[in-house]
Structure formats: structure tokens, C-alpha cells
Amino acid sequence: MKVDVLLGLQWGDEGKGKIVDVLTPEYDIIARFQGGPNAGHTIEFDDKKFILHTIPSGIFNEKTINIIGNGVIIDAYIFNKELINLKNNNIDAEKNLLISKKAHLILPTHRLLDATYENAKGKSKIGSTLKGIGPAYTDKTARDGIRIGNINNPDFKKNYNNLKQKHLQIIDFYKFDYTEYLIDGLLFSEYEEKWFEAIEKIRTLKTIDSEYFINQSLKNNKSILAEGAQGTLLDVDFGSYPFVTSSNTITAGVCIGLGVAPNRIGNVFGVFKAYCTRVGSGPFPTELSDETGEKLRDKGNEFGSTTGRPRRCGWLDITALKYSIMLNGVTSLIMTKADVLNHFENINISTKYKYNNDIIDYIPFELPDEKLNPDYNILKGWNTSIDNITSFDNIPAELSDYINFIEHQVGIPIKIISVGPDRKQIIRK
Ligand code: GDP
Ligand code: IMO
Ligand code: MG
């Protein structure tokens, strides 16, 4: 067997969580391979809504094993809150949840550091989710990190304190006064206390050598879906650096973040919104700062699942989509939030950029917004609700044209269309 991959092709929030939940019945195992609680994956069914940050989106299916892979970073406190929320909703997440011993921990001081660095950057800040992602991955590559498998070591507390001291020295250097700084509404000392309570909880959970588990599962013909977080254009190597996250969000990240060899990768499902959004700073060529952008935000309810921040909105960008498809080896596409375009007379799609008096169809090394302008094709909107359509045969002709146009541009079929946040609002082709 091979590992199938599902990941985002834009700047995150493409609706990955919903689609993983929809596909989960087809898989034995769902595994997160990178990122941490910067992710917010929303799943809706039976009039209930869940937002997962660390736990894979297959958790709502009792038969599925969910793995938090070595490439993920875990904030014990946030993770525990997710567990408690699921438990309060009668979902026994612990039964089917396995955590890699090699996954790194986000310490409370990583969160302070994230705030320190963002403050210091001033106007050029990344727009980080302030979940400690950059600092925790930095410690991982600096070989200073603490892993889940270390929490039962006798010197765990000593290592924690050493790392904490290092962080506090940096924070002191930047003169960041954190005495009144709130981390998710808590003072640092309160957060730290709850973080350690959560570590106690993690001590009771199942931790594994996930690379062995996953490869053995493949040998035993188990089907596995790797669930991406963030999006391709936030990849630390290929995204719009430095306005990126600190992990490899692309298919290659699956090999690193789960320990599967490249020749073990199977289908790659690329999820994209029928338009574009971005939260945080950085270039966004098709961004709309007018009432059309407002309309997209309003209809699409485009506010961050993790931070509540308004998302920047714009039209679909084919150049960026082709770039993402290339980097990931996408084999089929999944288009979400098509329903958000229900009531637009016309829908624009950028197929190329106008750049320094040239027309280009690649992403230049630097993306200075003022020099890079989208070259739009204008398609007719369908101007009707598609929210309750479940069969591809019943979609309006204009939506069919929109799909055909995209497929023709990128050369990859769109196999699933999502027409609402609920699990049932899905059209398969
Ligand atoms: P993720 O991070 O990729 O899992 O996406 P998020 O959960 O952060 O953001 C997607 C948002 O859109 C969530 O609020 C979902 O409930 C919602 N959503 C997902 N698919 C659809 C869809 O097809 N239509 C609409 N209207 N909303 C959707
Ligand atoms: P999901 O998995 C959207 C963005 C942040 C910021 C940049 C760096 O829900 O799609 P970080 O906290 O990682 O240092 O922030 O990346 N970002 C996301 N944007 N969806 C996400 O995850 C994101 N995770 C990080 O807004 O611009
Ligand atoms: Mg999200």
C-alpha cells in the first residue's frame, strides 16, 4: 500500500479538515505530518462544529486510527483542551489516538518568544498565529528541542528549565515585558501550570515509534491518508518567504514528517478554495481590497479558525495553483467553498501576471504587489444556490464551465466539489 496525501494548495484554510472527515471512512489511518496548533481544521456535522488544532480530522470515525506524526509540534495545553472538548461532546479521542515519540513540544516560553520576535519586527511582522511555531521548530533544528518521548525521562524537568532559561534570556535581550502578557487569556505562570497538567495527561496516552508503525501498517495493507496543515504557499522553502510558516507543508513533508519513503506516496489530493484567502502578512497578487473582497469575506465567513482574524480575500490565482500542483505532484483536485460564489454576476480568474510590462505565468523570486498584477479572465457566475446539490449532474452550466476552465488551465481533474461546511455538502464527480 501507499500513503495518500491531502493538503492545501493556497495559503491555508482551504477546508482540509472538512474533506479529511469526508474521506475518512475510506481509510484505516489518518496522520498529521507537520505544523502544530497554528492549524485550525473545522468539521461540521449533525449541527455540531469542531475546530481541531493538533488532533487529526479522522477522529470522528470510531474505526479510524489517528496519528500525530513526528513532524508535528505539540502544545500540551492546547492539545489537552482539544481532548477535553471532544470528551465533553462524547467523542472518545484517546482510544484511537497515537502520538509519535519524536514529535516536539511547544513550551510556554516558545509562545513568549513568538510574541517577542513579532513585536521586534514591528511593521514587517509575519502575522504569526503566536502559537510558538517558529521558535519551536527553530529549537528542533538547533537540536535543543524536547520531544514527547522525553517526558518520562527523569531529567525532563531539568531539560525544560534549561530551555526555558535560554528563552528567558532572549526575551530579556529584546526587553519584552511579559509579566502582563496573556497567552490564550492566561498569564505566563498560569499557562505554564496548565501546560504541566496537560503533560501529565499526555503521560497516560499511547505514544509510538510512528515511523515503524506506519511502515508496518503499509505492509499489512492498511490504507493511510496524510493530512496537511497550512498550505503550499506557506511552505518554509517554497512559500512567499519570509511570510511563511516554519515547516514543509508540501508532499515532501509527508516523507519527513511521517518517515515514509518517497516511493511510498500514492494519490495526492490538492484542496483549493474556489477563490483565494490569506491571513497574516505577505504578498497576495489577486487580493481584492474593495467591496467584492468584502463580499467574499462576508459570504465565505472568512475569519480565522485559530485566531478569529479577518482573512484577506481575492480571486482564484491559476499561476499559484499550477505552482502548487507542480510542487506536490497533485493527482486530483478538490475545490471547496464553491457555494460562496453563488451570487456573483461575474467571476474573475487570474491566469497570468502582468509583471514589469511582461506577461508571465510563473511566480517570481520576490512578489512585490505593486509591480505584479493579475491578468483576469472573466467567467459568468451561476447566480443561484448550489448548497443542496449532491450530484454532479445537477450543477448549473456556469459552474460546470468554471470547473472545466480550471481543469483545462491546470491539467488535473477536479474530483470533489464542496458546497457548504457540513459533511453532507459534497459533490463527487
Ligand atoms: P482548514 O484549515 O483547511 O481545515 O480550513 P478551516 O477550517 O480553517 O477553514 C475553512 C472554513 O470554511 C471552515 O469554517 C469550514 O467550516 C468552512 N467550509 C469548508 N468547506 C466549505 C464549503 O464548501 N463551503 C462553505 N461555505 N464553507 C466551507
Ligand atoms: P490551517 O492548517 C492559514 C499563517 C499565519 C501567518 C503565517 C505564519 O488551518 O490551514 P505561524 O503561526 O505558522 O508562524 O504563522 O502562516 N498560518 C496559517 N494561515 N491557515 C493555517 O493553518 C495557518 N497556519 C499558519 O497566519 O501568516
Ligand atoms: Mg484552518
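An oxygen atom of ligand 2 is placed 2.6 Å from an N or O atom in the side chain of Thr 245, a polar contact being a pair of N or O atoms within 3.5 Å. The model is predicted, so that local features need pLDDT of at least 70 and side-chain atom pairs count only at pLDDT 80 or more, while totals for chains, interfaces and linings use all residues. Residues are numbered from 1 along each chain as its sequence is written, chains are lettered from A and ligands numbered from 1 in the order in which they are written, and side-chain values use heavy atoms, with hydrogens and water left out.

Ligand 2 also has an oxygen atom 2.8 Å from a polar backbone atom of Gln 230. Of its own accessible area of 540 Å² (Shrake-Rupley method, 1.4 Å probe), the protein covers 97%. Around ligand 2 there are 21 residues, of which Asp 13, Lys 16, His 41, Thr 129 and Thr 245 come nearest; a residue is counted if one of its heavy atoms lies within 4 Å.

For ligand 1, a polar side-chain atom of Asp 13 lies 2.9 Å from an oxygen atom of the ligand, and a backbone N or O atom of Gly 40 lies 2.8 Å from an oxygen atom of ligand 1. Taken alone, ligand 1 exposes 580 Å², of which the protein buries 94%.

Definitions and conventions
Polar contact = N/O pair within 3.5 Å; in protein donor to acceptor, adjacent residues only side chain to side chain.
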